[in-house]
Amino acid sequence: MAAITRLAKRAFVVSSLARRCLSSSVVNCHAPPHDATSFRPFPLREDSSKRCVQWVFLGCPGVGKGTYASRLSNLLGVPHIATGDLVRDELTSSGPLSSQLSEIVKQGQLVSDEIIISLLSKRLVAGEAKGDLGFILDGFPRTIKQAEILEGVTDIDLVINLKLREDVLLEKCLGRRICNQCGGNFNVASINIKAENGSPGIIMAPLLPPENCISKLITRSDDTEAVVKERLRIYNEMTQPVEEFYRSRGKLLEFNLPGGIPESWPKLLHALNLDDYEDKRSAAA
Ligand SMILES: Nc1ncnc2c1ncn2[C@@H]1O[C@H](COP(=O)(O)OP(=O)(O)O)[C@@H](O)[C@H]1O
């Protein structure tokens, strides 16, 4: 009982916080009819008072969606669902889709809406069965079609659009490393760009792995210079319109990353009106 009350309170606190941080006070739902798609639907949340946040992270490859989505997921107690991870899991599982997906990902192209929606639906249904009460999506939606489908089946409270200059994005992607044993994400890039012509400088320290991961680091096959450039091009063509989709609905929170995690995390919490929330959570831990 106490746990349910805590969850309900958290859902209330967080959703009112999310609403406060939106520039427009009312979040409208423009849901198309549910039969607008022949895809397997996402689980519908009928009683929104019982659920936690349903947030989306947008942003170019390398901007740090995974890092900040995962931190917020720990803070708010909702799963961080990254469609890129779902695709990579499918690739390593050698399931029926894996050879088809492998080529697409290697070239930096987008997987079809049908496939990505089927992978995401499966993950959401499994989460709902485990009692998940919300989610933070990372890497979805990436096309207007995906955004329309998502809007047709559930209400997104807030969309956080992370921004960073393109030369830094490229360097960050090229510096990404993953430990193939513990799955930890690291970055060996050391970014130090001086302020010029009125644009602020930017410093991002590398996020180095602990000693026992050093010999196990791997680089994603799609983090080569040519493929990252293609992913950035595709983001601008296919995903940037999704920013406008949510902006026009008053759901988009733009966040320019001022630097690395130590500088950006407190500012992001502040932008989300969550700074007190983190203090209270660490005091209660
Ligand atoms: N929503 C999506 N729609 C289509 N393809 C996707 C989607 N999410 C992930 N993918 C596929 O998985 C790859 C890796 O995704 P992700 O880890 O999110 O990369 P990024 O670092 O570019 O944000 C993408 O390049 C794409 O091929």
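**View 1. Val188 lies in the loop between strand E6 and strand E7 (191-193).** Helices (H or I, at least four residues) and strands (E, at least two) are DSSP runs numbered from the N terminus. The model is a predicted one, in which local features need pLDDT of at least 70 and side-chain atom pairs count only at pLDDT 80 or more, while totals for chains, interfaces and linings use all residues. Residue numbers start from 1 along each chain as its sequence is written. Val188 has 14 C-beta neighbours inside 10 Å and so counts as partly exposed; a residue is buried with 20 or more other C-beta atoms within 10 Å of its own, exposed with 12 or fewer, and partly exposed in between, the C-beta atoms being placed from the backbone. Leaving aside residues up to four places away in sequence, Val188 touches Gly175, Arg177, Pro206 and Leu208, contact meaning that C-beta atoms, placed from the backbone, lie within 7 Å. A distance of 35 Å separates the C-alpha atoms of Val188 and Cys52, which are 136 residues apart along the chain.

**View 2. Strands E6, E5 and E9 form an open sheet in that order, with antiparallel pairing.** Strands E6 (185-187) and E9 (217-218) are at the edges with a single partner strand each, so one side of each has no neighbour in the sheet. Strand E5 (residues 176-179) pairs with E6 in the antiparallel sense over 3 bridges, two strands being paired if DSSP finds at least two bridges between them. Within this pair, Ile178 stands opposite Asn185 of E6.

**View 3. Strand E4 (residues 158-163) is largely enclosed by the rest of the structure, because 5 of its 6 residues are buried.** Strand E1 (residues 54-58) pairs with E4 in the parallel sense over 4 bridges, and Val56 has Val159 as its bridge partner in E4. Strand E10 (residues 252-256) runs parallel to E4 and is joined to it by 5 bridges; here the bridge partner of Leu162 is Phe255. E1 is also joined to E3 by 4 bridges, in parallel, with Trp55 opposite Ile136.

**View 4. The largest nonpolar core comprises 52 residues.** Such a core is a set of buried Ala, Val, Leu, Ile, Met, Phe, Trp, Tyr and Cys residues joined through C-beta atoms within 7 Å. Phe57, Ile136, Val159, Ile160 and Leu162 have the most contacts inside it. Ile160 touches Trp55, Phe57, Leu253 and Phe255, not counting residues up to four places away in sequence. In strand E3 (residues 135-138), Phe135 and Leu137 point one way and Ile136 and Asp138 the other, and all are buried.

**View 5. Helix H3 (83-92) gives the most to the shell around the ligand, with 3 residues.** Helix H4 (98-106) also supplies at least two residues of this shell. Of the 17 residues around the ligand, Pro61, Thr83, Gly84, Leu110 and Gly139 come nearest; a residue is near a molecule if its C-beta atom, placed from the backbone, lies within 6 Å of it. By class, the shell has 8 nonpolar, 6 polar and 3 charged residues.

**View 6. Thr83, Leu86, Val87 and Glu90 are buried in H3.** Seen down the helix axis, the buried residues of H3 fall within an arc of 100°, so they line one face of the helix. These residues pack against strand E2 (80-82), H4 and helix H5 (113-130). Ser94, which follows H3, has a positive phi near 50°.

Notes: Two residues are in contact if their C-beta atoms, placed from the backbone, lie within 7 Å. Ala, Val, Leu, Ile, Met, Phe, Trp, Tyr, Cys and Pro count as nonpolar, Asp, Glu, Lys and Arg as charged, and the others, Gly among them, as polar. The arc is that of the directions from the helix axis to the C-beta atoms.
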